[in-house]
Amino acid sequence: SEYDTLGTSIKAAVVYLATALVKLICLATFLKVSESDSFDPYQELLKALIGFIDVAGLYFALAQLTHRNISQNHKFQAVGLGWAFADSVLHRLAPLWVGARGLEFTWDYILQGLEANANLVLSISLAALGSLMWLRKNKPKTLIPIIYVCAGIVATMPSITSYLRRGLGWHFPKIVGFELFTSLVMAFISWQLFSACQRPSL
Amino acid sequence: MAPRKSPRERQMLVLESVIALVFVLVACVELCDGATVVDVYHLIQYDISGAPFGSRLAGLNHHATSLHFSPHADLSRTVLLIPLREFNISFVKEYIAENKPLGGLLFLLPQIFNFENKGEVGSNHLDGTEELLKNVLAELEQILIRTNLPYPVYFAFEDDNINAVLADIKKSDITGQPATATTGGYKFVVSALEPKSLVSPSITNIQGWLTGLKAGDDAHQLPTIAIVASYDTFGAAPALSVGSDSNGSGVVALLEVARLFSLLYSNPKTRGQYNLLFGLTSGGPYNYNGTRKWLRSFDQRLRESIDYAICIDSIGSWENELWIHVSKPPENSYIKQIMEDFSSVAEELGFNVNLKHKKINISNPRVAWEHEQFSRLRVTAATLSELSAAPELLEKTGGLIDSRHFVDEKAIIRGVKLVAESLARHIYGHQGKNIQIFADNSNLAVNPYYIRSWLDVLSQTPRVAPFFSKDDPFVMALKKELEDHTDEVNLQREALDGMFTFYDSTSAKLNIYQVASVTFDLLLLLVLGSYLIVLFSFLVITTRGLDDLISLFRRPPSRKVKTA
């Protein structure tokens, strides 16, 4: 196609890598390792704050990097795709390689795959909302707060899932189901918002 | 001239080689451990003059089944998991006698036989089940070490993990679904190398010399009394052969007697006019090979100066009587004297000592008691033991059943008192007088804590001689202890006689995996494949339309070449 989607995706993946390194350093500096697996509100708050570095990285990838030949509509898709791909590879490839070659079978890796799918949808919707927030100048006033609220919810998804796992003690399959469900819901909402912002064409 | 590679191509080459290297490194990552890892101990593997005995294989990679397998099942590629509590000895005899093919055997022993288990100790009051288990295990051990088994045989101890696995296996066996590659189940994997024969195993004899008081005339050599015990063991599982009774009790008794006499001999006023020679010999189960080599290393004068030798063999679990075994006829004056000393002391202490005479047959290589090696070189000797009959080759040599739980330290204390008082009576000439040198509550009393601590150490050290390393710390510890109590200690290292060859597999780790059946794998593949296909078609339909999806499968129409 005439759009340079591959280049955009690769650039987004590289930005994700850099963001992950920065997050690692911040986590190592500020967080203390807790012995038990319980939910510590203070630690989780700190982790959520550090999670916003994610959002900053996404902003950088969307707004600051110059991409050749790509329309706004497709830009967020390519950036979201590259972002989610890098996330899956970095977080899930190594455990898959080491763990899935054993003789025993566990459902973990299949659930991780489904989780990666949900993560992809979430990343794309976050990129869509991000592009609405930073790239589009003319937005209907009423929708702006909704956009920011949705973006906030999607950005804090990791904190929500860790609260569910530790605080409420949900098991992995339940969490993956929850993630899939919320990702579909958020994707639908951001799709509606996106098309709502498309309509007033000046 | 070959074209130069452009910088971009060179970059791609470097990148490709880096990626290849990464893949190679990642492929070397080890597989993670299975659900359960259990310590298992291999059955001993040895040859006697070339005839093979024991379990000849070490590596294991088969499915597991329990005793409830269906009668027509083919067991040549399965491992039988047999707990000792449900064991039927005729079943094993039948299997071995008919040479039925088997993938492997794993025996599950109760924790009472585990020397690492710090449970209750020392009570001689076995309840009925323990006695029964002990007898069954003794019989099993004797069968296993005398048979050539062409498959791996391992021992393990019961614990929660493996009990749960066993319960699961039994359940699936009873429902008629044995574990195979197609139906899934438990898989036992032991990754062990091919067992190699041990090159020139060595035996180490330790001797301690306590010099007596020379009364003025130096040229006249003092007579010597020898006290000997063999310290090594042999059993079905060499990593578990701690031999608390055979002959841990003998070693402990020897050390305590050495300690008591070193106290007496430290003061010249109480030093006797006899030299004392303490010998800790190795090679006991192998016809007392070490004792023979030790005696042959003496020069003639020393051998002639030995008045008599007392060998101690298993005095850890007796109640009312001990036996003195001799090979010289009872009318011999030395033997009479020994018996007099011992029986008078025994009477005072409240038990019996009986004499048993067994003639030695020089042409028979079998040496049943340690004193027979002395007798073959014309030295008077006797063995003090709780056993009334001579054991056969490789019997009662401290195997699986000989654990700390079945040894009573009070019996050892009484045995030490007997030996020490009888020797003292002979050395100091108190025959017939009722004098107790090593009385309780005196500073020459037998020390129960010393006996208990050494017995505990011995009961936690497997001591099969070919598996001792050079300068083994245990042998060095015995040497050091004897150095504390005697004037001069010597080590003698010899090679074990060529009749026995040993192989080096002793213990391993068993990985238990729960493997899913082939049908499950195929089903899962189908489900995942259909999920991915559905997802793909959904995305294509919503973005490009149904026609595009169908056009993927249709061959592109052939282009008609327009002729100019």
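This is a predicted model: local features need pLDDT of at least 70, side-chain atom pairs count only at pLDDT 80 or more; totals for chains, interfaces and linings use all residues.
Chain A is built from helices. Its secondary structure comes to 7 helices and 0 strands. From the N terminus on, the order of elements is α-α-α-α-α-α-α. Of its 202 residues, 39% count as buried.

Helix α1(A) covers residues 5–30, 26 residues in total. At 1.5 Å a residue, α1(A) should span 38 Å; the C-alpha atoms at its ends are 37 Å apart, which agrees. Buried positions in α1(A) are A:T8, A:S9, A:A12, A:V15, A:Y16, A:T19 and A:C26.

Helix α5(A) covers residues 143–155 and has 13 residues. From first C-alpha to last, α5(A) reaches 18 Å, close to the 18 Å expected at 1.5 Å a residue. Its buried residues are A:L143, A:I147, A:C150, A:A151, A:V154 and A:A155. Viewed down the axis of α5(A), these buried residues fall within an arc of 135°, so they line one face of the helix. An α-helix has 3.6 residues a turn, so residues three or four places apart point the same way.

Helix packing was examined next. Two packed helices are described by the angle between their axes and the distance between the axes. In chain A, helix α4 (residues 108–134) packs with helix α7 (residues 172–198). The angle is about 25°, and the axes are 8 Å apart. Angles under 35 degrees count as roughly parallel. α4(A) and α7(A) are therefore roughly parallel to each other. Their crossing is left-handed. The residues of the contact between α4(A) and α7(A) divide into 17 nonpolar, 5 polar and 3 charged.

A second pair lies in chain B. Helix α8 (residues 333–349) and helix α10 (residues 409–428) have axes that come within 9 Å. The two axes cross at roughly 130°. That angle makes α8(B) oblique to α10(B). The crossing of α8(B) and α10(B) is right-handed.

One residue of chain B was considered individually. B:F536 is found in helix α13(B), which covers residues 518–544. Its relative accessibility is 47%, so B:F536 counts as partly exposed. The cut-off for exposed is over 50%. B:F536 and B:L549 are 13 residues apart in sequence. In space, the C-alpha atoms of B:F536 and B:L549 are 9.4 Å apart.

Note on methods: Residues are numbered from 1 along each chain as its sequence is written. Chains are lettered from A and ligands numbered from 1 in the order in which they are written. Side-chain values use heavy atoms; hydrogens and water are left out. Helices (H or I, at least four residues) and strands (E, at least two) are DSSP runs, numbered from the N terminus. The expected span of a helix is 1.5 Å times one less than its number of residues. Buried means under 20% relative accessible area, exposed over 50%, partly exposed in between (1.4 Å probe, protein chains only). Axes are lines fitted to C-alpha atoms, for helices over the stretch in contact, and angles run from 0 to 180 degrees between N-to-C directions. Angles under 35 degrees count as roughly parallel, over 145 as roughly antiparallel, 65 to 115 as roughly perpendicular and the rest as oblique. A crossing is left-handed if the near helix is turned anticlockwise from the far one by less than a right angle, and right-handed if clockwise. Ala, Val, Leu, Ile, Met, Phe, Trp, Tyr, Cys and Pro count as nonpolar, Asp, Glu, Lys and Arg as charged, and the others, Gly among them, as polar. The arc is that of the directions from the helix axis to the C-beta atoms.
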